[in-house]
Amino acid sequence: MSGAVELGKGLHWIGVKDPSLTVFDDLFPTEYGTTYNSYLVQGDTHTAIIDTVKRKRFDEFLANIRSITDLSKIDYIVVNHSEPDHSGSLALLLELCPEATVVSSQAARTFLGNQIHTQFGSRIVKDNDTLDLGGRTLRFIAAPFLHWPDTMFTLLEEEGVLFPCDAFGSHYTGEGIFADEMPDFSGETRFYFDCIMRPFKERILQAVAKLDDVELKMLCPSHGPIYRSDARKPIELYRKWSMPKAAGRRIAIFYISPHGNTEQMAEAVAKGAGAAGVHVTLCHINHASVADIRDLMEECDGLIFGTPTINRDIPKPMWDVLAYLSTVSLKGNIGGIFGSFGWSGEACRMLEERLKSLNFKLPAPFVRAPFMPKAEALAECEALGRAVAEEVLKK
Ligand code: FEO
């Protein structure tokens with residue numbers, strides 16, 4: 001148990017640490033665990049809790065609150081975002097302080113209604129609404145899709161302390177709670193962004209712009225260390241990571257090729273696309289990092305996939321690449337498919353279904369070739385590349 005930590009007069013961290021967590025939400029590896037940060041803000045007349053913690057850690061959370069104030073003093077519980085790692089303890093807390101009012105966006109209120117099946121006091125707030133705690137003001141900043149539709153930030157206005165919930169966080173647990181007392185955890189901050197925030201780059205830029213005029217002193221995310229110095233650092237990193245890349249018509253060809261046959265086809269596709277006047281990047285997926293693959297997906301106007309069929313299926317490395325498609329902000333949804341096969345050749349059809357389910361436009365049929373592609377198949381590959389490039393150039 002960590003115990004509450006004073007961040008300033010009448011301002012406490014009351015969260016819990018989860019250093020042994022190895023996978024977050026059953027999705028993302030967390031080598032250094034995580035924290036569920038919650039905060040207690042005491043004004044002259046009212047007291048607010050900002051976000052709660054995972055339900056399993058309620059007892060520890062409750063002890064932290066009680067170490068600072070009596071539960072009867074809790075007037076407001078601000079829910080910046082209703083995912084259970086932050087709202088999981090809300091129902092239990094409301095049982096103990098039923099007079100408290102839950103403050104949230106309309107979307108969060110709707111989601112909470114499906115998580116908590118009892119009545120509770122609720123106040124819906126919109127962008128720039130404020131809440132007076134007596135000498136201290138909470139201002140709410142709508143930040144939808146960072147990373148749920150319900151998300152908002154809360155700003156303790158007079159002191160420039162921002163509580164942005166998941167945004168700018170890191171799955172990282174250390175000895176203390178402040179960023180400036182930790183070893184370098186920048187890799188975890190970037191990994192967190194890639195896993196959770198990356199699909200919402202436009203929304204990130206919109207939300208970050210709302211903070212430009214805020215004189216920020218402290219940044220208190222809901223996961224990982226708190227920034228009491230250089231509070232703008234993670235915000236500016238998010239802006240940089242979300243900025244659109246330079247314009248230009250580009251196609252990426254992602255392929256895997258155990259025997260070099262699909263690679264021959266990839267080169268023919270690239271030749272056709274390049275001749276049509278677009279810049280082409282050939283990417284053997286086993287020779288590129290996940291970050292490089294995702295960057296290409298976001299930077300290119302057309303994405304072409306080449307895969308063999310192995311055991312009547314798309315090989316796992318290519319399935320992994322296809323899974324990344326829903327974790328990035330795609331610039332374009334124009335695609336193409338090709339691949340060599342031995343005797344059954346189901347992979348191209350499966351790939352086609354995957355791309356169509358993601359609303360990809362496929363300007364040419366897929367090209368399949370048994371074993372080593374003949375000249376006719378390579379000519380079809382060139383035509384495929386040309387067709388995708390011409391579609392991209394119409395944009
Ligand atoms: Fe940390 Fe979206 O929950």
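**Entry 1: the whole chain**

I began by counting, and the secondary structure comes to 12 helices and 21 strands. Helices here are DSSP runs of H or I with at least four residues, strands are runs of E with at least two, and both are numbered from the N terminus. I noted that this is a predicted model, in which local features need pLDDT of at least 70, side-chain atom pairs count only at pLDDT 80 or more, and totals for chains, interfaces and linings use all residues. Residues are numbered from 1 along each chain as its sequence is written, and side-chain values use heavy atoms, with hydrogens and water left out.

Next I looked up the extent: the C-alpha trace spans about 80 × 40 × 40 Å along its principal axes. Of the 395 residues, 55% are buried. Buried means under 20% relative accessible area, exposed means over 50%, and partly exposed lies in between (1.4 Å probe, protein chains only). I also checked contacts, meaning heavy atoms within 4.5 Å. Among those between residues at least 6 apart in sequence, 70% join residues at least 24 apart.

**Entry 2: two loop residues**

I looked for Thr 69 and found it in the loop between helix H1 (58–66) and S9. Is Thr 69 buried or exposed? Thr 69 is buried, at a relative accessible area of 10%. Not counting residues up to four places away in sequence, Thr 69 touches Leu 40, Gln 42 and Ile 74.

Then I moved to Glu 83, in the loop between strand S9 (76–79) and helix H2 (84–87). Glu 83 is buried, with a relative accessible area of 11%. Leaving aside neighbours within four places in sequence, I found Glu 83 in contact with Asp 25, His 147, Trp 148 and Asp 166. I also looked up Gly 43, which is 40 residues from Glu 83 along the chain; their C-alpha atoms are separated by 27 Å.

**Entry 3: H5 meets H7**

How do helix H5 (residues 186–197) and helix H7 (residues 233–242) cross? Their axes come within 12 Å and cross at roughly 55 degrees. The axes are lines fitted to C-alpha atoms, for helices over the stretch in contact, and angles run from 0 to 180 degrees between N-to-C directions. H5 and H7 are therefore oblique to each other. I wrote down the cut-offs: under 35 degrees is roughly parallel, over 145 roughly antiparallel, 65 to 115 roughly perpendicular, and the rest oblique.

On the H5 side, I found that Thr 189, Arg 190, Tyr 192, Phe 193 and Met 197 make the contact, and on the H7 side Tyr 238, Trp 241 and Ser 242. The residues of this contact divide into five nonpolar, two polar and one charged. For these classes, Ala, Val, Leu, Ile, Met, Phe, Trp, Tyr, Cys and Pro count as nonpolar, Asp, Glu, Lys and Arg as charged, and the others, Gly among them, as polar.

**Entry 4: salt bridges**

Side chains of opposite charge can pair when their charged atoms come close. I looked up how many salt bridges the structure holds, and the number is 23. Each is a side-chain nitrogen of Lys or Arg within 4 Å of a carboxyl oxygen of Asp or Glu.

Glu 236 is partly exposed, at 33% relative accessibility.

I then looked at Lys 271 and Glu 382, whose closest N and O atoms are 3.6 Å apart in a salt bridge. Lys 271 is in helix H8 (residues 261–275) and Glu 382 in helix H12 (residues 375–393), so the pair ties together parts that are 111 residues apart in sequence. Lys 271 is exposed at 53% relative accessible area, while Glu 382 is partly exposed at 23%.

**Entry 5: back to H8**

I finished with Ala 270, also placed in helix H8. Ala 270 is buried, with a relative accessible area of 12%. Not counting residues up to four places away in sequence, Ala 270 touches Ile 253, Val 280 and Leu 282. Ala 389 is 119 residues from Ala 270 along the chain, and their C-alpha atoms are separated by 9.6 Å.
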